[in-house]
Amino acid sequence: MRAHTSTGTSIARAELVERYRRARARTRSLFEIPVEEAYYDRPISLRNPIVFYEGHLPAFSVNTLVKLARKEPGIDSRLESLFERGIDPEDETAVRDPAEMWPSRAEVQEYGSAADALVERALLDLDDDPLQIEAANAVVEHELIHQETLLYMLHNLPWDRKREVQDAFRAPVSPPPPAAVAATVRIPAGSATLGADRSSFGWDNEFPRHVVDVPPFEIDRLNVTNGDYLESLAATGAAPPHFWTKVDGTWFWRGMFALTPLPLDAPVYVTHDEASAYARWKGKRLPTEPEYHRAAFGTPEGDERLYPWGDDPADPTRGHFDFAAPDPVPAGSFPAGASAWGVHDLIGNGWEWTATLFDGFRGFRPMEAYRLYSADFFDRQHYVMKGASPVTSRELIRRSLRNWFRPDYPYVYATFRCAR
């Protein structure tokens, strides 16, 4: 079996095929959640209907790996154009007319099967060409990223329009009750390494690796919880977060598959605007991206770790991630995942909003396999998120990974903690 070394690591073609197959299998299980009648529903008005995503994932792989990188013909140019790229509009005017004709599900799935066969052949026949290698890794990670997009979109689908599919989630570790910890920790001035070197695959906004100085700051050891946020609502009269609903005067959590009593000890999922308002109410602010890095990966000794807990790979004892479950668990449930400063849940249980506007690092250059991946969002209208949610794939958990959303987008699994 040939292997390539163009990314600085040797990856067997067969391993890429296996990663691709695992990703596709999980995606298929997620598409079992909506009932047949919901296939053309648009659970989030600012996103395309469900049908788009079942077509987009295989079409992206064909467009990126087969057509762009390998300069070979695709399967169906009409579908590869229709499903080429998603949307991130400010309002609904950029969304396709819901009355527009989309393909039948049988046609979309037939295309997907043909695309899988074509992509697998391409993966097994990769040349030692940096563009092909970048494209091969991109199609696998793109699938993993969109699995999370699909999940939070389906979270917004009415319960009678979906079925509970437990095969989509692994059995979560049952953590012990969270231990009491000090509310905040003071982190002294030091340096933080952002980004990555180009010896392995990453998205273009992750490069280049660079070191920044971080002044001293104080940061919460735990994420702000639903209980904490409830206090601010009582004091300020603000509107409740998207994932809450009130029934007969009692607050409930709108879970993926059921309505449950509001878990007061779980992290609150809010928009950036809501997180910022809460922090101001507390006389604090959101941490910056460099402060997150310092709190997550720095140590009192002055060195840095690959992960908050050390250099060991991510496993289920370290946090609530990798499709453990569709909903969060109590904050601080995974002490084995705490950072050297004793800050909890920096990876898992909800992405972490930062105060940093999304932009390229100095020396940024678009990736050849997907030139529009990041640059379209360098518009000062998106904020960086770090960490991971309960449904972030373990393969995406790395120090340099960056996520981003508009400050008023309420659907993503995003929480926060305060700093000052």
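1. Buried means under 20% relative accessible area, exposed means over 50%, and partly exposed lies in between (1.4 Å probe, protein chains only). By this rule Arg28 is partly exposed, with a relative accessible area of 45%.

2. The model is predicted: local features need pLDDT of at least 70, side-chain atom pairs count only at pLDDT 80 or more, and totals for chains, interfaces and linings use all residues. Residues are numbered from 1 along each chain as its sequence is written, and side-chain values use heavy atoms, with hydrogens and water left out.

3. Side chains of opposite charge can pair when their charged atoms come close. The structure holds 26 salt bridges, a salt bridge being a side-chain nitrogen of Lys or Arg within 4 Å of a carboxyl oxygen of Asp or Glu.

4. One of them joins Asp116 to Arg28, at 3.7 Å from N to O. This pair links distant parts of the chain, with Asp116 in helix α4 (residues 105-124) and Arg28 in helix α1 (residues 13-30), 88 residues apart. Helices (H or I, at least four residues) and strands (E, at least two) are DSSP runs, numbered from the N terminus. Asp116 is buried, at 13% relative accessible area. Both residues also belong to a network of salt bridges that links Arg24, Arg28, Asp116 and Glu143.

5. Lys67 and Glu80 form another salt bridge, their closest N and O atoms being 2.9 Å apart. Lys67 is in helix α2 (residues 50-69) and Glu80 in helix α3 (residues 77-82), 13 residues apart. Lys67 is partly exposed at 29% relative accessibility, while Glu80 is buried at 2%.

6. Asp322 and Arg394 meet in a salt bridge of 3.9 Å, N to O. Asp322 sits in the loop between α8 (289-297) and β10 (350-357), and Arg394 in the loop between β11 (383-388) and β12 (403-405), 72 residues apart. Asp322 counts as buried at 12% relative accessibility; Arg394 counts as partly exposed at 40%.

7. The largest pocket has a volume of about 700 Å³. On a 1 Å grid over the protein atoms alone, a pocket is an open set of points with protein on both sides within 12 Å along at least five of seven lines, and lining residues have an atom within 4 Å of a point. Of the 28 residues that line the largest pocket, the closest to its centre are Ile145, His146, Thr149, Phe377 and Trp404. The largest share of this lining, six residues, comes from α5.

Definitions and conventions. On a 1 Å grid over the protein atoms alone, a cavity is a set of points where a 1.4 Å probe fits but cannot get out, and a pocket is an open set with protein on both sides within 12 Å along at least five of seven lines; lining residues have an atom within 4 Å of a point. Grid points are joined across faces, edges and corners, and a volume is the space filled by probe spheres set on the points.
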